[in-house]
Amino acid sequence: MARRYDSRTTIFSPEGRLHQVEYAMEAISHAGTSCGILATDGIVLAAEKKTVSNLLEPGVSSEKMYLIDNHMACCVAGITADANILVNNARLTAQRHQFAYQEPIPVEQLVQQLCDVKQGYTQYGGLRPFGVGILYAGWDTQYGFQLYQSDPSGNYGGWKATAIGANNPAATSLLRTEYKPEITLKEALNLAIKVLSKTMDSTALTSDKLEFAYLSRSKGQVVFHVLTREELDTVIKNAPVDTTTPTDS
């Protein structure tokens, strides 16, 4: 039955479903796990990198983490090429707001405008939904640190801790159990290590399979920092959890 209604995003099935949008969400579930954790003094973004081949030259720029504006960054899971288009759109939107009003765009306003674009790709013929899920981390003067998640349908929501990508139900369950409102940035890094150690398919956590970043404030300025391999090795080594996955046993 579904095959009769999945050729276009503009056709509802008799059950009221848009199959192409659901297929886009399914594409995200095959990507590496990404999680975001809101702490009292910042936000941690963590992601699993899917290594295609050992012969592939590692890129200079981050594969999963993107800086949108001085006060906002994001982490993606899904089709990277689709993510590049959306990130460029978000950067342009942020700069237009800065030019027009001489102040940084509020975090939720930027998320909402980007989700309006994503929703448009589910409503018009000849377009396909973006096959990427995004975690947004930002800070503004009105609400402080904020963490949002959006999906290909254009829906978004604010979260204290969330996960997208492969094994996200297990990651979300662990976050629900371990997360505390008073968590600090350092504790959030350790929690992200614990989450990925339980959801990744590899036998042990190594810096070449992970990307970590955090958003914090220092001397009145928002700071976004992507951890280097050396810094990530130190975090993994000092994490108070077993960084080997259950497949070792």
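Is the side chain at Phe130 buried or exposed, and what is its relative accessible area?

Tutor: Phe130 is buried, and its relative accessible area is 6%. Buried means under 20% relative accessible area, exposed means over 50%, and partly exposed lies in between (1.4 Å probe, protein chains only). Before going on, note that this is a predicted model: local features need pLDDT of at least 70, side-chain atom pairs count only at pLDDT 80 or more, and totals for chains, interfaces and linings use all residues. Residues are numbered from 1 along each chain as its sequence is written, and side-chain values use heavy atoms, with hydrogens and water left out.

Now the rings. A pair of aromatic rings is described by two things, the distance of the centres and the angle of the planes. Rings of Phe, Tyr and Trp (its six-membered ring) pair if their centres lie within 6.5 Å; planes under 30 degrees apart count as stacked, over 60 as edge-to-face, and the rest as tilted. That rule gives two aromatic pairs. One joins Phe130 to Tyr121: the ring centres are 4.5 Å apart and the planes stand at 50°, so this pair is tilted. Tyr121 is partly exposed, at 29% relative accessibility. The other pair is Tyr148 with Tyr156, with centres 6.1 Å apart and planes at 65°, so it counts as edge-to-face. Tyr148 is buried, with a relative accessible area of 8%. Tyr156 is partly exposed, at 30%.

The charged end of Arg217 sits over the ring of Trp139, 3.8 Å from its centre. The test is that NZ of Lys or CZ of Arg is within 6 Å of the ring centre and within 35 degrees of the ring normal.

Next, the sheet. Helices (H or I, at least four residues) and strands (E, at least two) are DSSP runs, numbered from the N terminus. Two strands pair if DSSP finds at least two bridges between them. Five strands form an open sheet in the order β3-β4-β5-β6-β7, with antiparallel pairing. The edge strands are β3 (65–69) and β7 (156–158), and each pairs on one side only. From one strand to the next, the twist averages 25°. Axes are lines fitted to C-alpha atoms, for helices over the stretch in contact, and angles run from 0 to 180 degrees between N-to-C directions. Strand β4 covers residues 72–78 and pairs with β3 over four bridges, in the antiparallel sense. In that pairing, Tyr66 stands opposite Cys74 in β4.

Helices lie across this sheet. Helix α2 (residues 80–101) lies across β3, β4 and β5 (132–140), and it runs at about 20° to β3. Helix α3 (residues 107–120) lies across β3, β4, β5, β6 (144–150) and β7, running at about 160° to β5.

The loop between β3 and β4 holds His71. His71 is buried, at 6% relative accessibility. Contact means heavy atoms within 4.5 Å. Neighbours within four places in sequence aside, the contacts of His71 include Pro104, Val107, Trp139 and Leu215.

Last, the charges. Side chains of opposite charge can pair when their charged atoms come close. A salt bridge is a side-chain nitrogen of Lys or Arg within 4 Å of a carboxyl oxygen of Asp or Glu. The whole structure has three salt bridges. One of them joins Arg128 and Asp82 (2.9 Å, N to O). It links distant parts of the chain: Arg128 is in the loop between α3 and β5, Asp82 is in helix α2, and they are 46 residues apart. Arg128 is partly exposed, at 47%, whereas Asp82 is buried, at 9%. Another joins Lys194 and Glu178 (3.0 Å, N to O). Lys194 lies in helix α5 (residues 185–199) and Glu178 in helix α4 (residues 168–178), so this bridge ties together parts 16 residues apart in sequence. Arg17 and Glu22 also meet in a salt bridge (2.8 Å, N to O). Arg17 is partly exposed, at 37%, and Glu22 is partly exposed, at 28%.
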